[in-house]
Protein chains: 2
Amino acid sequence: MPSDVSAASVRVAVSQLAISVGEPERNRAAAAAAVTEAAGRGAGIVVLPELTPSGYVFNSAAEARSLGETADGTTAADWTGLAAAHDIVIIGGFAELGDDGNLYNSAMLVDATGPRAVYRKAHLWDAEADFFIPGDAEPPVVDTRYGRIALMICYDVEFPEWVRLPALAGAELLAVPTNWPAERVPAAERPMVTVNVQAAAFANRMYVAAACRCADERGVAWVGGSIIAGPDGYPLAGPASVGGVAGDERTASTDLLIADCDLAQARNKATGPRNDVHADRRPELYRLRSELAGQG
Amino acid sequence: MPSDVSAASVRVAVSQLAISVGEPERNRAAAAAAVTEAAGRGAGIVVLPELTPSGYVFNSAAEARSLGETADGTTAADWTGLAAAHDIVIIGGFAELGDDGNLYNSAMLVDATGPRAVYRKAHLWDAEADFFIPGDAEPPVVDTRYGRIALMICYDVEFPEWVRLPALAGAELLAVPTNWPAERVPAAERPMVTVNVQAAAFANRMYVAAACRCADERGVAWVGGSIIAGPDGYPLAGPASVGGVAGDERTASTDLLIADCDLAQARNKATGPRNDVHADRRPELYRLRSELAGQG
């Protein structure tokens with residue numbers, strides 16, 4: 001692989017954003033400001049949190065639905081305008097009102113031409129199942145002018161089998177909009193959700209950029225810890241500020257992570273002269289018991 | 001789940017050991033000393049590195065074979081004696097001369113009754129393929145007096161699909177003898193091999209105890225970074241001392257990690273009132289593209 005990083009690199013930005021449930025105009029304005037700042041700093045790719053326009057802590061299914069929008073709705077138009085203005089790619093989450101009438105916890109990838117892909121979260125966390133239908137489709141991998149970008153959402157990335165699919169399909173950067181609720185994080189530690197993102201990058205030698213949120217919402221705090229991990233798993237930017245549960249003095253706050261990434265490096269899965277993290281897999285062995293487990 | 005940790009816990013020890021290739025008697029003595037020290041400190045389970053009696057950096061296949069022994073050989077007898085003397089469980093790696101005449105990079109779990117299980121490394125690293133035949137059998141899960149213990153070796157644990165198999169089969173503790181070669185580790189970071197062990201624990205809510213080695217061997221240094229991770233992924237002990245490549249001032253050295261583990265905690269895969277890291281898997285979706293990849 002060529003290692004001329006500077007020539008081939010793209011600047012990736014991750015926005016750890018303050019979001020308020022039920023205030024889509026305010027949230028879209030905050031996202032637009034973050035995207036504009038990132039673009040001004042030279043970013044070609046910007047990752048926003050899960051459910052950016054709607055917020056997360058819904059009081060009811062009716063409230064969640066009232067904040068839903070179609071994949072060609074206001075947010076899509078907004079982000080397409082930003083993408084066109086700055087010639088960038090934006091990945092962010094939104095509450096998707098599907099053609100089938102269902103509400104999904106989705107993310108879209110938008111460039112100057114409009115939405116290029118929509119992904120529906122397949123692994124729902126906690127009360128999300130009261131508001132959303134889980135998706136059944138694999139994470140898309142989108143050829144963009146900056147490289148091949150896949151997307152999945154929050155809890156999805158905690159299933160290494162799910163991460164494998166876009167990685168094996170050639171994703172160079174996995175963008176992960178998240179809303180990680182605050183949890184106990186030992187004082188000297190990174191949140192395990194952040195560590196897990198590093199491991200996802202390491203296992204697949206691909207870049208992973210996870211954008212969490214901040215600003216408490218109806219009593220729920222967020223862990224923050226957004227990160228851009230390189231294909232060796234080490235952070236290129238972040239972890240961003242981390243918030244804790246009661247007793248933890250830390251607070252997640254707004255943050256903008258920036259890292260220059262040579263996405264082509266992620267095409268090389270070699271970890272040594274005779275090893276390759278994908279070629280060394282032995283899927284014929286993995287199927288035995290996992291298939292049985294699938295019947296359970 | 002009962003949460004009376006003190007009543008149910010077992011003390012787990014991980015020995016980051018100095019090993020010398022081609023000196024099995026010296027290596028067995030070093031391992032015996034570490035096991036005895038661990039038992040004296042109350043350990044019920046002791047994890048030793050990969051290829052403990054033989055060492056790792058072989059000059060030739062003939063040398064590797066000359067250091068091979070059967071699963072009921074000298075090391076098995078040695079460890080059985082130690083297990084019986086201290087009423088403990090020992091997991092460690094050795095070069096196995098199989099009944100089929102092949103040499104395997106194996107690990108065994110031994111208790112007072114003798115070897116309970118032998119596992120043959122399925123994912124070989126670098127020059128290992130010149131010396132060893134890869135195993136084809138899933139990591140065993142052994143019911144011991146202290147809980148259900150699985151074993152795999154070094155590079156194996158970098159394949160999350162492989163880790164899933166014993167986890168789904170009910171492993172409460174995954175013991176991982178390793179020989180992690182030194183690699184570039186940024187000054188403020190843990191080695192990614194260590195971070196990956198944390199993520200393996202986190203993804204499956206099980207304990208993972210990885211024992212690396214130290215003492216340069218024919219120009220090869222070791223990263224160290226042995227760890228005992230709890231089912232939430234955070235370290236209960238370690239990481240042990242970390243060594244680096246040229247330019248890194250750190251050196252991995254002998255270390256003994258100790259942590260009290262309530263292995264029954266690993267039976268509970270719940271991460272919240274409505275989530276469970278195993279029940280939330282969607283294996284029917286994971287098979288689609290991964291099966292195609294398996295044909296490649």
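**A helix pair in chain A**

Modeller: In this predicted model, the secondary structure of chain A consists of eight helices and 15 strands. The C-alpha atoms of chain A occupy a box of roughly 55 × 50 × 45 Å along the principal axes. A compact globule of 296 residues would have a radius of gyration near 19 Å, and the 18 Å of chain A agrees with this. Of these 296 residues, 56% count as buried. Among contacts in chain A with a separation of 6 or more, 69% join residues 24 or more positions apart.

Within this fold, the part to examine is the pair formed by helix 6 (residues 160-168) and helix 7 (residues 192-204) of chain A. Two packed helices are described by the angle between their axes and the distance between the axes. Here the axes come within 10 Å and cross at roughly 45°. An angle between 35 and 65 degrees counts as oblique, and helix 6 and helix 7 of chain A are therefore oblique to each other. Their crossing is right-handed. On the side of helix 6 of chain A, the contact is made by A:Pro160, A:Val163, A:Arg164 and A:Ala167; helix 7 of chain A contributes A:Ala200, A:Ala203 and A:Asn204. An α-helix has 3.6 residues a turn, so residues three or four places apart point the same way.

Methods. Residues are numbered from 1 along each chain as its sequence is written. Chains are lettered from A and ligands numbered from 1 in the order in which they are written. This is a predicted model: local features need pLDDT of at least 70, side-chain atom pairs count only at pLDDT 80 or more; totals for chains, interfaces and linings use all residues. Helices (H or I, at least four residues) and strands (E, at least two) are DSSP runs, numbered from the N terminus. The radius of gyration is taken over C-alpha atoms; the globule rule is 2.2 Å times the number of residues to the power 0.38. A residue is buried if 20 or more other C-beta atoms lie within 10 Å of its own, exposed if 12 or fewer, and partly exposed in between; C-beta atoms are placed from the backbone. Two residues are in contact if their C-beta atoms, placed from the backbone, lie within 7 Å. Axes are lines fitted to C-alpha atoms, for helices over the stretch in contact, and angles run from 0 to 180 degrees between N-to-C directions. Angles under 35 degrees count as roughly parallel, over 145 as roughly antiparallel, 65 to 115 as roughly perpendicular and the rest as oblique. A crossing is left-handed if the near helix is turned anticlockwise from the far one by less than a right angle, and right-handed if clockwise.
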